[in-house]
Each structure stands twice: as structure tokens, then as C-alpha cells.
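Start with the fold as a whole, then follow how its parts pack. Keep the model open while you read.

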Amino acid sequence: MDKNSLLAEIRDRIRQSRYRLTGHAERESESDRVTRQEIEESLLSAGAEIIEHYPEDVRGKICLVLGFIKGQGPIHVVCGLGGEVLVIVTVYRPDPGQWLNWRIRNKWTMKTCHFCQGKVVKKKIRHVHYWGDEIVIFENVPAEVCTQCGEVYFSPDVLEMMDNATLKKTPPDKSIAVPVFSLS
Ligand SMILES: [Zn+2]
């Protein structure tokens with residue numbers, strides 16, 4: 001079965017409510033705040049695609065589907081098609097630090113700093129983004145940070161998320177006032 005017919009099969013079963021969610025997937029969807037309706041929406045979304053396929057998996061035909069929720073962005077759903085019902089094994093919001101374009105596992109992690117050769121670790125940081133006269137603060141930004149000199153590195157997907165939030169003027173989670181001093 002090719003990827004297109006697999007996706008068509010997944011969608012058919014979703015439309016017929018011929019699916020089950022594992023307890024594991026239910027716990028994950030809860031922690032990532034994804035509802036049943038959103039899981040269905042993402043698998044039926046126009047941009048949905050199978051990004052990984054493991055036909056030899058012992059649990060039967062297993063595939064990883066990238067789907068989209070309106071106004072929220074991408075989610076990943078691991079689906080099993082081995083039996084009479086579709087089994088949703090895992091649901092999560094992909095970490096932009098771990099994926100490229102939400103489709104490819106990001107294997108190219110930084111280990112040493114470009115500037116000082118210090119050790120680089122993954123961290124969620126607060127980042128101040130300047131855009132002309134505007135200042136936007138991002139929190140919980142996945143980044144790679146040098147433990148020696150403190151230099152910060154962002155992956156392309158993380159940059160895209162910040163660009164989208166800045167350019168599309170998504171409503172922020174909160175706004176704060178910033179004092180300004182002139183020394184002249
Ligand atoms: Zn460094």
C-alpha cells in the first residue's frame with residue numbers, strides 16, 4: 001500500500017468513527033491539550049500527509065501522520081492500521097527544535113559552540129525579538145545554548161514560528177509595559 005492509499009484508509013476509518021485511542025495516546029493528547037475533535041480534524045485536514053511509514057512494525061502497518069489544526073498548527077499522530085480498527089498510538093505537538101519543516105527528524109544538533117568550542121545544550125529560553133521599532137518577547141523557545149559563552153542558536157523551524165507570530169500578528173499570550181531611558 002502506498003502512502004496515499006494508506007492516508008485515504010486512515011481518513012475513511014476516521015469518518016466512520018472506526019478507530020480507538022490507546023491510553024498512552026490519551027494521556028499524551030491530554031498533556032499537549034489536543035481534543036478528540038482536533039485529532040479528527042488534523043487527520044482530515046487538506047495538508048495532512050504521511051511523513052514516516054513502518055510497514056514491518058510488529059504491531060502491523062504503522063505510520064506517522066502530520067496533520068493541522070486550524071489556528072493552532074501542526075500535530076503528529078502515530079496510526080496503526082494492522083487490525084479491523086484504526087489504532088491511534090500516539091498524539092503530540094511536534095517540538096520545532098526536533099523537526100525540520102515538521103516532517104524530517106532534525107539530526108543536525110549542535111554539540112560545540114561555533115565561537116568558543118564550548119559545550120552546547122538544548123534549553124528552553126526567553127528571547128527578545130526586535131522587528132523595526134517593535135519588540136516582541138518569546139518565552140519557552142527551544143534553542144541550543146553554549147554552556148561556556150552563552151551564545152544562543154535557533155533552528156529554522158523555531159525562527160519560522162517566531163516570524164509567523166511577529167508578521168501575522170497572532171494575539172499574544174500577554175503584553176507588558178517596558179520603561180525607556182534616554183542618556184543624552
Ligand atoms: Zn560559546
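Two strands count as paired if DSSP finds at least two bridges between them. Helices (H or I, at least four residues) and strands (E, at least two) are DSSP runs, numbered from the N terminus. This is a predicted model: local features need pLDDT of at least 70, side-chain atom pairs count only at pLDDT 80 or more, and totals for chains, interfaces and linings use all residues. Residues are numbered from 1 along each chain as its sequence is written.

The protein chain holds four helices and ten strands. Along the sequence they follow the pattern α-β-α-α-β-β-β-β-β-β-β-β-β-α. The domain assignment gives domain 1 (3-94) and domain 2 (104-167); such bounds come from an automatic or database domain assignment. The centres of the two domains, taken over C-alpha atoms, are separated by 30 Å. The C-alpha trace spans about 75 × 40 × 25 Å along its principal axes. The radius of gyration of the protein chain is 20 Å, whereas a compact globule of 184 residues would have one near 16 Å. That radius is taken over C-alpha atoms, and the globule rule is 2.2 Å times the number of residues to the power 0.38.

Now take the open sheet. Five strands form it, in the order β1-β5-β4-β3-β2, with mixed pairing. β1 (19-21) and β2 (49-54) stand at the edges with a single partner strand each, so one side of each has no neighbour in the sheet. On average, neighbouring strands of this sheet are turned by 30 degrees against each other, direction ignored. Within the sheet, β3 (residues 62-69) and β4 (residues 73-80) pair antiparallel over eight bridges. Leu66 has His76 in β4 as its bridge partner.

Helix α1 packs on this sheet, touching β1, β2, β3, β4 and β5 (86-92), and its direction makes about 105 degrees with that of β2. Angles run from 0 to 180 degrees between N-to-C directions, and axes are lines fitted to C-alpha atoms, for helices over the stretch in contact. Two residues are in contact if their C-beta atoms, placed from the backbone, lie within 7 Å. Helix α3 lies across β3, β4 and β5, at about 100 degrees to β3.

How do the two helices meet? α1 (residues 3-15) and α3 (residues 36-44) pack at an angle of about 145 degrees, their axes 10 Å apart. Ile10, Arg11 and Ile14 in α1 meet Glu40, Leu43 and Leu44 in α3. By class, this contact has four nonpolar, no polar and two charged residues. Here Ala, Val, Leu, Ile, Met, Phe, Trp, Tyr, Cys and Pro count as nonpolar, Asp, Glu, Lys and Arg as charged, and the others, Gly among them, as polar.

Strand β8 (residues 120-131) runs antiparallel to β9 (residues 134-146), and eleven bridges join them. Val120 is bridged to Cys146 in β9. His129 has Val136 in β9 as its bridge partner. β8 and β9 form a hairpin with two residues between them, and Gly132 in the turn has a positive phi of about 60 degrees.

β9 also pairs with β10 (residues 152-153), antiparallel over two bridges. Glu144 has Tyr153 in β10 as its bridge partner. This second hairpin, β9 with β10, has five residues between its strands, and Gly150 in the turn has a positive phi of about 85 degrees.
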